[in-house]
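Please open the structure in a viewer and keep the sequence at hand.

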Amino acid sequence: MSKKIYIIANTMIEPGMSGGNRIFIELAKNWVKTGHQVTVFTSPVGKQICQANDLMGARYVTWPAQNFRFLGIFGQYFVGVFWGLWNALKSWRGFENVIVWSTSDFWPDALSGLLFKIINPKCFWIASVFMFAPNPFKQTKFYVKAFLHFITQKPIYFLSKKIAQMIFVTNDGDRDFVVGDGVPAERVVSIRGGVNLDYIQSIRAEGKKYLGIFMGRVHRHKGILELLDVWRKVCDVMPQAKLAVVGEGPQEKEAKEKAEKLGLKNNVVFFGFVDGDYKYILMKESQMFLHSSVWDSGGMSAAEGMACGLPVVGYDLPAFKTYYPKGMLKAPLGDRDKYAELIISLANDVSLYQKISAKALDWANGWDWAVNASRIMQAIDGILK
């Protein structure tokens with residue numbers, strides 16, 4: 001039966017694609033195809049990104065984030081909170097049975113979903129906690145943004161546990177944590193992520209130009225600066241080795257400066273944000289995928305690499321035990337020597353490479369978006385009944 005689904009993505013105000021945004025866009029595309037009525041609350045930039053990624057057939061309700069750029073990211077964030085609440089207030093009539101999904105735990109998304117639920121107690125609110133914020137006081141360096149995420153996430157998580165009909169997380173470890181925190185198991189869904197297998201396998205590339213590829217937000221959680229240290233060690237053994245860095249983010253300038261300082265100007269190529277066919281061409285022009293996150297709840301980009309047949313090298317994070325149980329070689333967190341050693345081993349050992357590549361491709365086969373969208377809708381139906 002066709003459902004009305006409100007997807008709240010008010011924090012989507014910058015170009016680029018986060019993992020959380022990729023998740024909602026791909027799920028929404030499949031829900032539209034199966035006859036559901038989808039409305040996306042976002043900014044004009046968010047609408048543009050959605051439509052550029054083929055989310056057609058959805059209705060869009062936008063707030064003018066571009067008018068508040070002069071306030072900076074934090075200023076836009078707080079304006080987005082109030083605008084999201086205003087859009088929720090305006091949209092309440094006749095939508096008592098709507099499914100409302102807050103695509104993040106950031107306030108412009110989460111508080112809008114909460115207000116929908118308060119106004120319309122019969123609506124089905126789905127909250128999202130895609131990454132539990134680390135305690136900033138237990139980190140080696142204090143970051144203001146990390147502190148703000150930590151303190152703003154706490155009340156949202158509390159309210160989500162008490163009020164939301166369902167909570168989306170991205171891996172089984174986080175699901176176990178939330179269930180252990182008192183939320184009934186059927187209300188917590190690990191949505192993980194997905195890949196468009198047929199599309200990825202249709203892409204062709206000529207030869208291997210890069211030994212490794214990093215793809216993701218250029219952010220401290222993704223370990224990009226640490227990866228450059230690793231790459232220096234790799235190049236000490238393999239002087240011609242090239243690394244493709246695909247993505248943009250707050251550490252982009254710092255990463256480029258560090259690469260030059262380490263003497264890697266000819267060994268690291270920064271592509272910025274790339275999507276569509278060219279993204280997968282770059283993957284297929286690479287020998288291995290480097291998922292160098294030092295703090296992560298999973299990450300879909302490595303699964304896309306696996307779908308291209310690439311073995312993955314990463315750190316041994318708790319989330320990866322269930323997210324990537326095979327197809328990935330894992331170094332102890334922070335051990336850059338071991339990380340470099342694994343890269344060099346994959347490059348030189350044909351048998352090992354073929355073994356890990358085959359496991360990666362096999363694991364990716366279980367990540368099809370259409371299957372994932374159907375599974376999640378079945379979980380929602382189980383609660384609605």
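**The whole protein**

Begin with the surface display: the accessible surface of the protein comes to about 17100 Å², and 56% of this area belongs to carbon and sulfur atoms. Please note that the model is a predicted one.

The secondary structure consists of 15 helices and 13 strands. Along the principal axes, the C-alpha atoms fill a box of roughly 65 × 40 × 40 Å. The radius of gyration is 21 Å, which agrees with the value near 21 Å that a compact globule of 385 residues would have.

How many of the residues count as buried? Of the 385 residues, 55% do. Consider also the contacts between residues at least 6 apart in sequence: 72% of them join residues at least 24 apart.

**First stop: Q153 in helix α5**

Select residues 144–163, which make up helix α5, and then pick out Q153 within this helix. Is Q153 buried or exposed? Q153 counts as buried because its relative accessibility is 5%, and the limit for a buried residue is under 20%.

Now display the surroundings of Q153. When neighbours within four places in sequence are left aside, Q153 is in contact with D105, V129, M131, F132 and A133. Keep F132 selected, as the next stop returns to this residue.

**Second stop: aromatic pairs**

The whole structure contains 20 aromatic pairs. One of them is formed by F132 and Y157, whose rings are arranged edge-to-face, with 5.3 Å from centre to centre and 90° between the planes. Where do the two partners lie? F132 is in the loop between β5 (124–128) and α5, while Y157 is in helix α5; they are 25 residues apart, and the pair links distant parts of the chain. F132 is buried, with 17% relative accessible area. Y157 is likewise counted as buried, at 11%.

Move on to Y210 and F271. These residues also form an edge-to-face aromatic pair, with 5.9 Å between the centres and 90° between the planes. What is the relative accessible area of Y210? The value for Y210 is 10%, so this residue is buried.

Return to the surface display and select F74, F78, F137, F142, V144, L148 and I151. Together these residues form a nonpolar patch with about 680 Å² of accessible area.

Which helices each supply at least two residues of the patch? They are α3 (72–90) and α5. The largest share, three residues, comes from α5, the helix that also holds Q153.

End the tour at F78, which lies in helix α3. With a relative accessible area of 46%, F78 is partly exposed. Q153, by contrast, is buried at 5%.

Note on methods:
Residues numbered from 1 in each chain as written. Predicted model: local features only at pLDDT ≥ 70, side-chain atom pairs only at ≥ 80, totals over all residues. Heavy atoms only, no water. Helix = DSSP H or I, 4+ residues; strand = E, 2+ residues; numbered from the N terminus. Buried < 20%, exposed > 50% of the residue type's maximum accessible area, 1.4 Å probe, protein only. Contact = heavy atoms within 4.5 Å. Phe/Tyr/Trp six-rings, centres within 6.5 Å; stacked < 30°, edge-to-face > 60°. Patch = residues over 30% accessible without salt bridge, like charges linked within 9 Å, V, L, I, M, F, W, Y side chains within 5 Å. Areas by Shrake-Rupley, 256 points an atom, 1.4 Å probe, with all protein chains shown as cover. Salt bridge = Lys/Arg side-chain N within 4 Å of Asp/Glu carboxyl O. Rg over C-alpha atoms; globule rule 2.2 N^0.38 Å.
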